[in-house]
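Biologist: I have a model open and would like to go through a few side chains and the packing. Can you take my questions as they come?

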Amino acid sequence: MDIHVDFKSCHKKVIDLLEPGEINYLVHSGDSELDSDFICFAQNYTPLSELLPKHFTIVDCGCYQAMQCHLFLDFKAYIGVDNYDRPSRNHGDYRPPLRATDWNVVHYKMDITSFISYCPEYREDPNTYFIASAVPDFAQTLILFRSVKNCFVAYPGEPLHVKGFMAEEILRIYNNTPNL
């Protein structure tokens, strides 16, 4: 299987999956930090969408606007977990941006550790895979990593943390990629 982990080709794949006008709609909703040149850390999601079995549920912890959810439309479910738009996080005139969605997408507006407590059925499920890509609260991602069966944690400047399903293969693919 030819898996590409470079940002440019992975980003293009996500862009190509979005509906016409969806990028503009989402990046101009609220106070989005994204633009058409950067809609997510696509190089972390795209290879996983090609490697993991389609009967898996994907739990994306720190999904932000979740434009990457479209990579997982063939999967059982995509669960986006993020708390950027909870009222306690809003300051002044902050307007939280909208999240992408589709037929198999569910969003939880809570932090990672709250989700782990609120939805314990996913922690040890062999058919659930957790992804935490560049989550600002790296400490929460490490708690996640210790708490679940299948997990991928990527954070700029840190080594990858992968465990569970296909961990060795995933690490091999990502670690053999320059400039990840």
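Biologist: Which backbone oxygen lies 3.4 Å from a polar atom of the side chain of R99?
Modeller: That of Y64. Keep in mind that this is a predicted model.

Biologist: What does the side chain of R99 reach at 3.1 Å?
Modeller: The backbone oxygen of D82.

Biologist: Where is R99 placed?
Modeller: R99 sits in the loop between β2 (77-82) and β3 (105-109).

Biologist: And is R99 buried or exposed?
Modeller: Buried, because its relative accessibility is 12% and the cut-off for buried is under 20%.

Biologist: New topic. Which residues are buried in helix α5?
Modeller: In α5, which covers residues 138-147, the buried ones are F138, Q140, T141, L144 and F145. Looking down the axis of α5, these fall within an arc of 155°, so they line one face of the helix.

Biologist: What do they pack against?
Modeller: Two of the partners are β1 (57-61) and α4 (112-118). The others are the strands β4 (128-133), β5 (151-154) and β6 (161-163).

Biologist: How many residues are in the largest nonpolar core?
Modeller: It has 37, and Y129, F152 and I170 have the most contacts inside it. Elements that each supply at least two residues of this core are α2 (22-27), α3 (42-51), β4, β5 and α6 (167-175).

Biologist: What is I170 in contact with, leaving aside neighbours within four places in sequence?
Modeller: I170 is in contact with L48, L51, L52, Y129, F152, V162 and F165.

Biologist: Which residues does the second core include?
Modeller: That separate core has 19 residues, among them C61, I116, C119 and F130.

Note on methods:
Residues are numbered from 1 along each chain as its sequence is written. This is a predicted model: local features need pLDDT of at least 70, side-chain atom pairs count only at pLDDT 80 or more; totals for chains, interfaces and linings use all residues. Side-chain values use heavy atoms; hydrogens and water are left out. Helices (H or I, at least four residues) and strands (E, at least two) are DSSP runs, numbered from the N terminus. Buried means under 20% relative accessible area, exposed over 50%, partly exposed in between (1.4 Å probe, protein chains only). A polar contact is a pair of N or O atoms within 3.5 Å; within protein, one must be able to donate a hydrogen and the other to accept it, and residues adjacent in sequence count only if both atoms are side-chain atoms. The arc is that of the directions from the helix axis to the C-beta atoms. Contact means heavy atoms within 4.5 Å. A nonpolar core is a set of buried Ala, Val, Leu, Ile, Met, Phe, Trp, Tyr and Cys residues joined through side-chain atoms within 4.5 Å.
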